[in-house]
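Thanks for coming. I have one complex to go through today, and I will keep it short. Please look at the sequence and the structure as I put them up.

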Amino acid sequence: MTTTTLADLDHARSIALDLSGWGRRFNFYQPRNCAFWGYLVLVGIGILVYVARLARKYDAYGEAIGLAVTSFAFYAALFWWFTQYIDHYAKLPAKLMVVAFLWGGFAATGAMAANANDAILAIYAKVFGQVWALNWGAGLAAPFTEEPAKGSGLLLLIALAPRHIRTAFDGLILGAFIGLGFQIVEDISYALTSAGSQFGANQIGASIGTIAVRMVSGVAAHALYSAIFCAGLVYLLGRPAEPRKVGRGLLLVAIPMLLHGIWDSLASIAGPSTLALLGLLIAVIVVALAIGVRVYTLTVKREQDFVRDVMAPEAARDVITEAELVAVSGNRKARKTYRKSGRDRRERKRARYVLNAVYGLADDLAAARGADTDRVRFARAEIARIRAGGAPPPR
Amino acid sequence: MPDPETDNSSATSAVRFEPDEGWVPADMRFLGVDRRTIAPTLAVFALAVVMSVALPVINAKVPYHDVVKVGDVIELQGGVTFVPDVGWGITSGVRAGQAPLSGEYPATASVEQGALEFRVHTGQFDGDANQLLDQIETTSGAINHGRGVHMTGAHTTIVTDQGKQGATARVTGPHTGGVIAAFVFEGRGVEAVATGPSDAGAEPAAAALRMIRSISRLGDGKR
């Protein structure tokens, strides 16, 4: 029987922290990094193009722009909260997520995909005719322009933050933010187009339907596609904590492109029947979400292993219990089992607080690279206090 | 389980020094920059150039020939149609009877011949033709701020071959002149704009008027 010593566990923690990049600070300003300048140039061009467009149309469609920007800002905030909710593990710095969001919103759209889409649609119309282009143009253009444009941002992000982006799960989360940025900016553009559809009259009425549809359909659109694509990209490239798996990578890159193509061709596939269109739309959303959940469970395993390696020494030192270790390094079901183990409502509530405090300790340990700092000691004391039902420290 | 004999080992171990992200190993520098970051950046720039430069250039090089033949009718959303002049090129929009698979015709169509362009757009509108023309003037004025092509002069009345009464006005811009017309078919507005060089002569103007007068809505006579 193998005996695991505390030294072994501490060593495993050290390796997990090194491999995962968890807790490291991200510094965006890196003048000696080509990716920094490349990012600035392409995002800068995208911002200029987009702001110029909005500014030019603001006097005509100010109401619709205001409504769209406000609505989609709330939508983005909701999505941000959701990604924080699903990412319990080796968290990426918020700054990196903002950098990803801006790439998707401005570089991938205005500096890349928008130009390519226009050109490809026009070429399709010239070569295959207007009707064919209307039927299949969008479905055979966007997957080949928008997905690579968004995904290419991850290449720059890896060059900017090689110590942070270590797993396919990191690709999944950053891809989701790249896609979210793209989606928000694209949705505002669609709302703007709708505002002009009635010659600029009744622009709120004309755009609100588009905003609602884009919000509902957005749950399984760009953010999800890019998340899967970027997870695939990490498998394709390989990272220190994620061995290269070319087959899986290619599959995950191809799936969102296929979903995107089908999504953009829904009206043509369904034909004139509204019922068929609605049924197909729901089916594609369900399939996309199911694939998203599958990729999440596939990629999150490594992150859960990191949490277990980082927190195992705490369990061995009786800072946390074995049950808490299983819960924080497990999935939603494991956390739920732990919470439900309380005898009454009060205990179950306290169990939730304890779990949050354990996650806090994990983050503090990662930031301290496993060292026994004042902050780490305080986080340990907090777990003990909450578990004992003690009063919080005075504000 | 941890071995009790070695459990006294401290959790505090010396944290390995890690330079900040801006640091570049001496053997990885090329002209001061981190050479490991050159390839990914170039790859992304290459993709950006393909998308923003190469594809538009290819599009500009691909010739386009979809010329209007005798009997062609262009159909737009809501059953709005017009008859383009024979010989003009269809740059957007589809012929009546060739609906996309969705069954929905596009809201905009345009035809052109040389520097002359004729564009028709349709959308919902509550009001009459003069109000639609006012709305178009307000919106385009807010977008263009007096620059580019803009409406000049008072509205005049125009009647289509189908007998539908609309409103029309002249449009002018730098070296450009033309006419804009507006019709409203029971809640569906139609905007038609014909533009060309200001010295284009009488025939283009006559062609534009012919196409404007051909605007109709399927089944409108029955309504």
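Predicted model: local features only at pLDDT ≥ 70, side-chain atom pairs only at ≥ 80, totals over all residues.

The predictor gives the complex an ipTM of 0.91 and a pTM of 0.91. Chain A averages a pLDDT of 94, with 99% of its residues scoring at least 70. Among the elements of chain A, the lowest mean pLDDT, 90, belongs to helix H7, residues 203–217. The highest, 98, belongs to helix H9, residues 246–264. We will come back to H9 of chain A.

For chain B the mean pLDDT is 88, and 91% of its residues reach 70 or more. Over residues 1–12 of chain B, the pLDDT is below 50. That stretch still has 21 contacts in the model beyond near neighbours in sequence, but please read its placement with that score in mind.

Now the build of chain B. There are 3 helices and 13 strands in chain B. Its C-alpha atoms fill a box of roughly 100 × 45 × 35 Å along the principal axes. How does its radius of gyration stand against that of a compact globule of 223 residues? The globule would be near 17 Å, and chain B has 30 Å. Buried residues make up 33% of the 223 residues in chain B. Taking contacts in chain B between residues at least 6 apart in sequence, 47% join residues at least 24 apart.

Next, the contact between the chains. Chain A puts in 60 residues and chain B 57 residues. On the chain A side, the elements giving two or more residues are helices H1, H2, H3, H4, H5, H10 and H11. Which of them gives the largest share? That is H3(A), with 11 residues. By class, the chain A side has 31 nonpolar, 19 polar and 10 charged residues.

Now into chain A. It is divided into domain 1, residues 26–300, and domain 2, residues 317–388. The C-alpha centres of these two domains of chain A lie 36 Å apart. The largest nonpolar core has 167 residues, and those with the most contacts inside it are Ala100(A), Leu157(A), Leu174(A), Cys230(A) and Ala231(A). H3(A) supplies the largest share of this core, 21 residues. Both domains of chain A take part, each with at least three residues.

Take Ala231(A) from that list. Leaving aside neighbours within four places in sequence, its contacts are Ala168(A), Gly171(A), Leu172(A), Gly175(A), Leu252(A), Val295(A) and Thr299(A).

One of those, Leu252(A), is in helix H9 of chain A. Why does Leu252(A) count as buried? Because it has 27 C-beta neighbours inside 10 Å, where the cut-off is 20 or more. With neighbours within four places again left aside, Leu252(A) is in contact with Ile228(A), Phe229(A), Ala231(A), Gly232(A), Tyr235(A) and Val295(A). The C-alpha atoms of Leu252(A) and Gly232(A) are separated by 4.5 Å, although these residues are 20 apart along the chain. Val295(A) is in contact with Ala231(A) and with Leu252(A).

That is all I have.

Methods. Residues numbered from 1 in each chain as written. Chains lettered and ligands numbered in written order. Contact = placed C-beta atoms within 7 Å. Helix = DSSP H or I, 4+ residues; strand = E, 2+ residues; numbered from the N terminus. Nonpolar A, V, L, I, M, F, W, Y, C, P; charged D, E, K, R; others polar. Rg over C-alpha atoms; globule rule 2.2 N^0.38 Å. Buried ≥ 20, exposed ≤ 12 C-beta atoms within 10 Å, placed from the backbone. Domains from an automatic or database assignment. pLDDT = per-residue confidence, 0-100. Core = buried A, V, L, I, M, F, W, Y, C linked by C-beta atoms within 7 Å.
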